[in-house]
Amino acid sequence: MAFVIPAPAVPVLRVADSDGTFPVRRVYCVGRNYADHAREMGGDPQREPPFFFGKPQDALVPRGGEIAYPPATSNLHYEVELVAALKAGGRDIPVERALECVYGYAVGIDLTRRDLQAKFKDKGHPWELAKGFDQSAPISDLVPADRLGKPTSGAIWLAVNGQERQRGDLGQMTWSVAEVIAHLSSYLTLAPGDLVFTGTPAGVGAVVPGDRIRCGIDRVGELEIVLV
Ligand code: MN
């Protein structure tokens, strides 16, 4: 038996200060996981259960760099996020075991076609095309969890053309990384290679071609993209 088309490549992330690479299976994202961002999106910052969406694995842009401004939008937004990369998975993972599933962490940007998202929300349509488009998930190298410890505090920030637009702290997450993984695993089976984007603090906004976006998370790393 032979493939009748070339097999799609598995995206891989680099591991910081290592020769190792991390093969990606699925990319999950959690919505509105910082109260101040929930408010700026017109939502209720109460502690409602987290909700999830996904991006295709080939939306990842390891190490950032040039990103083509996508079609079908005139309101492309950045959202800087901590990304957890799983080395183990399962179903119904208890919160107190969830961080044992994490291989490491990265800095990611959840690029969003905000105008399309608003239209889809109004119509009750899926968000898919507002979130899961080409190059919509730039991501840094991974830092192994054993070098970082628990991701429960640390500054998370983003600047556009040198001007700071987002600044928060991982401690402001409504649902912790462990809680996010536990919740997600109540809906489906998580597996090694899965990535989880864990939400963004307030200050999201639009960017245009020519903009240089730099972001980072304390002890995790930094990531830069340029829109072209
Ligand atoms: Mn997001």
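Which residue of β9 stands opposite Leu86? In this model, that residue is Val102.

The model is predicted, so to speak of local features I require a pLDDT of at least 70, and side-chain atom pairs count only at pLDDT 80 or more, while totals for chains, interfaces and linings use all residues. Residues are numbered from 1 along each chain as its sequence is written, and side-chain values use heavy atoms, with hydrogens and water left out.

I begin with β8. Helices (H or I, at least four residues) and strands (E, at least two) are DSSP runs, numbered from the N terminus. Two strands are said to pair if DSSP finds at least two bridges between them. By that criterion β8 pairs with β9 in the antiparallel sense, over 7 bridges. β8 also pairs with β15, again antiparallel, over 3 bridges. There, the bridge partner of Ala85 is Leu195 of β15.

How many of the residues of β8 are buried? The term buried means under 20% relative accessible area, exposed means over 50%, and partly exposed lies in between, with a 1.4 Å probe and protein chains only. Of the 7 residues of β8, 7 are buried, so the strand is largely enclosed by the rest of the structure. In a regular strand the side chains alternate between the two faces of the sheet. In β8, Val80, Leu82, Ala84 and Leu86 are buried on one side, and Glu81, Val83 and Ala85 are buried on the other.

Glu81 brings me to the metal site. Which residues coordinate the manganese ion? They are Glu79 and Glu81, each through OE, and Asp110 through OD, at 2.0 to 2.1 Å. Donors here are N, O and S atoms within 2.8 Å of the metal (3.2 Å for Na, K and Ca); water is not among the atoms, so sites may look incomplete. In sequence the donor residues follow the spacing E-x1-E-x28-D. Distant parts of the chain are linked in this way: Glu79 belongs to the loop between β7 (76-78) and β8 (80-86), and Asp110 to the loop between β9 (102-109) and β10 (112-113), 31 residues apart. Glu79 is buried at a relative accessible area of 4%, and Asp110 is buried at 1%.

Next, helix α6. Here 6 of the 8 residues are buried, so α6 is largely enclosed by the rest of the structure. The buried residues are Val177, Ala178, Val180, Ile181, Ala182 and Leu184. Their cover includes β3 (27-30), β4, β8, α2 (95-98), β9 and β15, where contact means heavy atoms within 4.5 Å.

I turn now to the aromatic residues. The structure holds 4 aromatic pairs. Rings of Phe, Tyr and Trp (its six-membered ring) pair if their centres lie within 6.5 Å; planes under 30 degrees apart count as stacked, over 60 as edge-to-face and the rest as tilted. One of these pairs is Phe52 with Tyr187: the centres are 6.2 Å apart and the planes at 65°, so this pair is edge-to-face. Phe52 lies in β4 (residues 52-55) and Tyr187 in the loop between α6 (177-184) and β15 (195-197), so the pair ties together parts 135 residues apart in sequence. Phe52 is partly exposed, at 22%, whereas Tyr187 is exposed, at 58%.

Phe53 and Trp127 form a further pair, with ring centres 5.5 Å apart and planes at 50°, so it is tilted. Phe53 is in strand β4 and Trp127 in the loop between α3 (114-123) and α4 (128-131), 74 residues apart. Both Phe53 and Trp127 are buried. Together with Phe51 they form one aromatic cluster.

Finally, the open sheet. Its 5 strands come in the order β6-β18-β17-β13-β14, with mixed pairing. At the edges are β6 (65-67) and β14, each pairing on one side only. Within this sheet, β17 (residues 212-217) and β18 (residues 221-227) are antiparallel over 6 bridges, and Cys215 stands opposite Leu223 of β18. Strands β13 (residues 155-160) and β14 (residues 163-169) are likewise antiparallel and joined by 6 bridges. Leu158 stands opposite Gln166 of β14. The hairpin of β13 and β14 has 2 residues between the strands, and Asn161 takes a positive phi near 50° there.
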